[in-house]
Amino acid sequence: MADFFTVNSRRGSMRPTARTWIKHAILLILTFITCTIAGSINPFGQLPILRKLDSLTNDAGFFEVISALPGAYADMIQTAVWTLYSEPEFLAYSLKFSLSLLFILTAHEAGHYIACRIYKVDATLPYFLPTPPLIGPAGTFGAFIKIISPMPSRKAVFDIGVAGPIAGFIALLPIAILAVATLENAPPQIAAPGEFQITFSDPLLIKIFAFIGGIDLSLPIYPNPFYYAAWIGLLVTALNLIPSGQLDGGHAIYAVFGKRVHYWTGRIAFIVMTLFSVLGMYFFESPSGFLFAVILAIMMKIRHPEPLDDAPLDNMRLAIAFFTFAIFVLCFVPIPIKLS
């Protein structure tokens, strides 16, 4: 990392160079582009997925479908880009989605980064991860920072770990409120005949806001960019707060309860999420939970760094730990999407 950072001896922590800022800015711009395109395509937008595959006959073989995928995908992206360029209302819709989502992700990573700076812990700027739409459904796999130097204390582990999800949660609150305020119920026939339908499971926070706003979430809703951005933000927050490995929730559990409890919560979380994954696939034909299970399987293999000072947390941080758990409850859904 010496190629990308210089060390400021007075502060005791490294400062990003101009080259680093450019690299991370390019990743952010690419993520903005891919998220904006994804925001125009079903399920987040109104443009159909892989429309060219509809021309295949029902008896088309596996290899025929596979060979048609690249052309169908290229057509979908080309159609999305042209529609965004030529139709301002589509562009406005997609920008509401991408800017809202990136605002949440940026707030989350900024929380981690600022906490690192406070503790003089060396860390990279946020790496945003752009992905082609559908591969990363929302055009991104999120963002992360890489911590380079050792953690000085349990307090640092806790503060740096929870700063991200708390900041991201605060950032998504106005977007979630705006989402519910602009939600409109749609007639049941809004789904095109013969198309499979994706149902987003509403986190508790959305249900509370909908109840206050008098919105019936059991009915179909018209596409809403703020709703989808808030939903993804809540999903990312819940995933990060699972008490496993070096996820944010793993850091919090380690700081509060120590190494042994952290070891077992990671394994229990993996078993629970695997069970949810199987149930989601069996009852709702939804593979979404398997992503959580795979991530948690990887997290179990990653050793948590031991802080230099192992002194227990104070009462104020224990109270914040309960607040962070409440955030997890408001964000978490066992089966995120259901297919029908």
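This is a predicted model: local features need pLDDT of at least 70, side-chain atom pairs count only at pLDDT 80 or more; totals for chains, interfaces and linings use all residues.

**Entry 1: helix α5**

I started with α5, which covers residues 204-213. Which of its residues are buried? I found L205, I206, F209 and A210. I then looked down the axis of α5. The buried residues fall within an arc of 130°, so they line one face of the helix. On the other side of α5, I noted F211 and I212 as exposed.

What do the buried residues of α5 pack against? I listed α4 (154-182), α6 (225-240) and α10 (315-331). Last, I checked what follows α5. It is G214, and its phi is positive, near 70°.

**Entry 2: α4 with α10**

Two of those partners came next. I reminded myself that two packed helices are described by the angle between their axes and the distance between the axes. For α4 and α10, I wrote down an angle of about 35° and axes 11 Å apart. The crossing of α4 past α10 is left-handed.

Which residues meet here? From α4 I noted K155, F158, D159, V162, I166 and F169. They meet R317, I320, A321, F323, T324, I327, L330 and C331 in α10. I sorted the residues of this contact by type: ten are nonpolar, one is polar and three are charged.

**Entry 3: α3 with α6**

I moved on to α3, residues 88-118, and its packing with α6. Here the angle is about 25°, and the axes are 8 Å apart. Angles under 35 degrees count as roughly parallel, so α3 is roughly parallel to α6. The crossing of α3 past α6 is right-handed.

On the α3 side I listed Y93, K96, F97, S100, L101, I104, L105 and H108. On the α6 side they meet P225, F226, Y228, A229, A230, I232, G233, V236 and N240. How do the residues of this contact divide? I wrote twelve nonpolar, four polar and one charged.

**Entry 4: T31**

I finished with a single residue. Where is T31? I found T31 in helix α1, residues 18-38. Is T31 buried or exposed? Its relative accessible area is 0%. Buried means under 20%, so T31 is buried.

I then looked for what touches T31, leaving aside its neighbours within four places in sequence. T31 is in contact with L102, F128, L129, P130, G139 and T140.

Notes
Residues are numbered from 1 along each chain as its sequence is written. Side-chain values use heavy atoms; hydrogens and water are left out. Buried means under 20% relative accessible area, exposed over 50%, partly exposed in between (1.4 Å probe, protein chains only). Helices (H or I, at least four residues) and strands (E, at least two) are DSSP runs, numbered from the N terminus. The arc is that of the directions from the helix axis to the C-beta atoms. Contact means heavy atoms within 4.5 Å. Axes are lines fitted to C-alpha atoms, for helices over the stretch in contact, and angles run from 0 to 180 degrees between N-to-C directions. A crossing is left-handed if the near helix is turned anticlockwise from the far one by less than a right angle, and right-handed if clockwise. Ala, Val, Leu, Ile, Met, Phe, Trp, Tyr, Cys and Pro count as nonpolar, Asp, Glu, Lys and Arg as charged, and the others, Gly among them, as polar. Angles under 35 degrees count as roughly parallel, over 145 as roughly antiparallel, 65 to 115 as roughly perpendicular and the rest as oblique.
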